[in-house]
Amino acid sequence: MTDMTDTVGVAGDRIRSIIERVERLEEEIKDLMEAKNHSDLARRLDAAAQGRFGLAGAAIALEKPGGVPFGWRALEEGDVDNLLGEHGLTWLGPMISGLNFFGAAEDQVKSVALIRMAPHLTPGGPPRPCICAFGSPEPEGFTPNMGCELAAFLARVTERMAERWPVLN
């Protein structure tokens, strides 16, 4: 009988944990939808990563050529493929030396989740290679063997929100 009670208790704890994560995610999406421009979007994403998810920070990095919105990190052409692989969509693992995505919080970041994005930012132009990055203060915060569905979903929401405003060269 105690084994069954323990099993039910563990399952209940897991369900409560999932509900809490979904509620935090819902609040984050609502907050991102209130962004007024690209820099506000980046600021809100970073604030939510820290405040709601306990991360060291979040950042958006966009490849040149072309304009890079204030508050976003500029990448050289080909950097997204260099970081994720030519067809890679995500990378989770230890902090990459010299990444320079997280500003003042860079030294706190011990592991990262990098998610490929390809927003249409220039009217009539092709999508631009981009990364949505999340940094954890824990060495095991992001590991290659964990799922990245939450981070990928937030990246997709961020990508779609970024497409609301054009980036002019």
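How many of the 169 residues of the chain count as buried, as a percentage? The figure is 40%, where buried means under 20% relative accessible area, exposed over 50% and partly exposed in between (1.4 Å probe, protein chains only).

1. **Basis.** This is a predicted model: local features need pLDDT of at least 70, side-chain atom pairs count only at pLDDT 80 or more, and totals for chains, interfaces and linings use all residues. Residues are numbered from 1 along each chain as its sequence is written, and side-chain values use heavy atoms, with hydrogens and water left out.

2. **Overall layout.** The chain has four helices and five strands. These are DSSP runs, numbered from the N terminus (helices: H or I, at least four residues; strands: E, at least two). Along the sequence the pattern reads α-α-β-β-α-β-β-β-α. The C-alpha trace spans about 65 × 35 × 30 Å along its principal axes.

3. Five strands make an open, mixed sheet in the order 2-1-5-4-3. Strand 2 (73-75) and strand 3 (90-94) are the edges, each pairing on one side only. On average, neighbouring strands are turned by 25° against each other, direction ignored. Strands count as paired if DSSP finds at least two bridges between them. Strand 1 (residues 57-63) and strand 2 are joined by three bridges in the parallel sense.

4. **Helices on the sheet.** Helix 2 (residues 38-51) packs on the sheet and touches strand 1 and strand 5 (130-136). Its direction makes about 145° with that of strand 1. Helix 4 (residues 149-162) also packs there, touching strand 1, strand 4 (111-117) and strand 5. Its direction makes about 45° with that of strand 4. Axes are lines fitted to C-alpha atoms, for helices over the stretch in contact; angles run from 0 to 180 degrees between N-to-C directions. Contact means heavy atoms within 4.5 Å.

5. The 14 residues of helix 2 should span 20 Å at 1.5 Å a residue, and its end C-alpha atoms are 20 Å apart, so the two agree. The expected span is 1.5 Å times one less than the number of residues. Buried residues in helix 2 include H38, L41, L45 and A49.

6. **E63.** E63 lies in strand 1, opposite L75 in strand 2. Beyond four places in sequence, the contacts of E63 include L75, V80, R128 and P129.
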